[in-house]
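Hi everyone, thanks for letting me go today. I'd like to walk you through a structure I've been looking at, so let me put it up on the screen.

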Amino acid sequence: MKKIILFISALLFFFTSVVNAHGPVRQKTEEEITINAPADKVWNIIKDFGDMSWHPGIKSVTVDKGNEKGSVRVLTLADGGTITEELKKHDDKKMSYAYKITEMSTAKTITHAGAEEKVPVLPVDNYAASIEVKGKGDTSVVTWKAAYYRAYMNNNPPEEMNEAAANTAVTAVLKAGLDNLKALAEK
């Protein structure tokens with residue numbers, strides 16, 4: 001009987017340590033907006049990978065190969081930070097493109113668990129996204145999807161780099177872009 005109790009105790013200990021030792025979970029955010037403008041007009045505003053003038057959070061963009069797969073753009077944010085992105089696919093017929101973040105500047109440095117940690121300008125890691133325009137008569141539906149991990153890849157993340165911070169920041173970026181796109185396209 002003692003062996004069974006010891007075995008069950010060891011099993012429970014192992015199970016709880018495994019449950020508590022998980023790392024970050026892939027997050028997904030999707031924002032969609034209906035725009036009172038034809039799809040071609042909306043697509044013409046966003047189709048150029050090297051032009052993010054429609055997003056209020058982006059001050060400037062440099063790009064090396066335009067809409068060609070593998071093209072790299074560097075976004076300079078309104079606050080001066082930078083995000084480097086690579087174009088994974090671009091499809092004019094489907095009015096969509098997909099990209100991933102390859103590098104980001106640091107927004108600030110914090111001390112967490114006795115170590116200096118760099119907080120990126122967007123508190124995410126392994127970020128990939130796509131944006132698509134679909135026509136619905138005289139209106140358009142634009143869908144922007146992103147998948148990512150929180151910025152802190154170890155257990156017990158600091159508040160600035162946890163899932164809540166990542167989700168809040170990504171949602172804000174997508175919504176600000178889509179809201180401004182709607183305002184520009186409906187002029």
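This is a predicted model: local features need pLDDT of at least 70, side-chain atom pairs count only at pLDDT 80 or more; totals for chains, interfaces and linings use all residues.

Now zoom out to the whole sheet. What order do the strands come in? Reading across, you get β1-β9-β8-β5-β4-β3-β2. So that's 7 strands in an open sheet, with antiparallel pairing. At the edges you have β1, residues 27-35, and β2, residues 58-63, and each of those pairs on one side only. If you follow the sheet along, the twist from one strand to the next averages 20°.

Next up, the helices. Helix α2 lies across β1, β4, β5, β8 and β9, and it runs at about 150° to β8. Helix α3 packs on the sheet too, where it touches β1, β8 and β9. The direction of α3 makes about 15° with that of β1.

And how do these two helices sit against each other? Well, α2 is residues 39-46 and α3 is residues 163-185, and they pack at an angle of about 120° with their axes 10 Å apart. That angle is why we call α2 oblique to α3. The crossing is right-handed, by the way.

Who's doing the touching? From α2 you've got Lys41, Val42, Ile45 and Ile46, and from α3 there's Leu181, Leu184 and Ala185. Sort those contact residues by type and you get 6 nonpolar, no polar and 1 charged.

Last stop: Met52. You'll find Met52 in the loop between α2 and β2. Is Met52 buried or exposed? Its relative accessibility is 5%, so Met52 counts as buried. And what is around it? If we skip the neighbours within four places in sequence, Met52 is in contact with Ile58, Val61, Arg73, Leu75 and Tyr97. Here's one distance you can check on screen: Met52 and Thr62 are 10 residues apart in sequence, and from C-alpha to C-alpha they are 9.9 Å apart in space.

How values were computed
Residues are numbered from 1 along each chain as its sequence is written. Side-chain values use heavy atoms; hydrogens and water are left out. Axes are lines fitted to C-alpha atoms, for helices over the stretch in contact, and angles run from 0 to 180 degrees between N-to-C directions. Helices (H or I, at least four residues) and strands (E, at least two) are DSSP runs, numbered from the N terminus. Angles under 35 degrees count as roughly parallel, over 145 as roughly antiparallel, 65 to 115 as roughly perpendicular and the rest as oblique. A crossing is left-handed if the near helix is turned anticlockwise from the far one by less than a right angle, and right-handed if clockwise. Contact means heavy atoms within 4.5 Å. Ala, Val, Leu, Ile, Met, Phe, Trp, Tyr, Cys and Pro count as nonpolar, Asp, Glu, Lys and Arg as charged, and the others, Gly among them, as polar. Two strands pair if DSSP finds at least two bridges between them. Buried means under 20% relative accessible area, exposed over 50%, partly exposed in between (1.4 Å probe, protein chains only).
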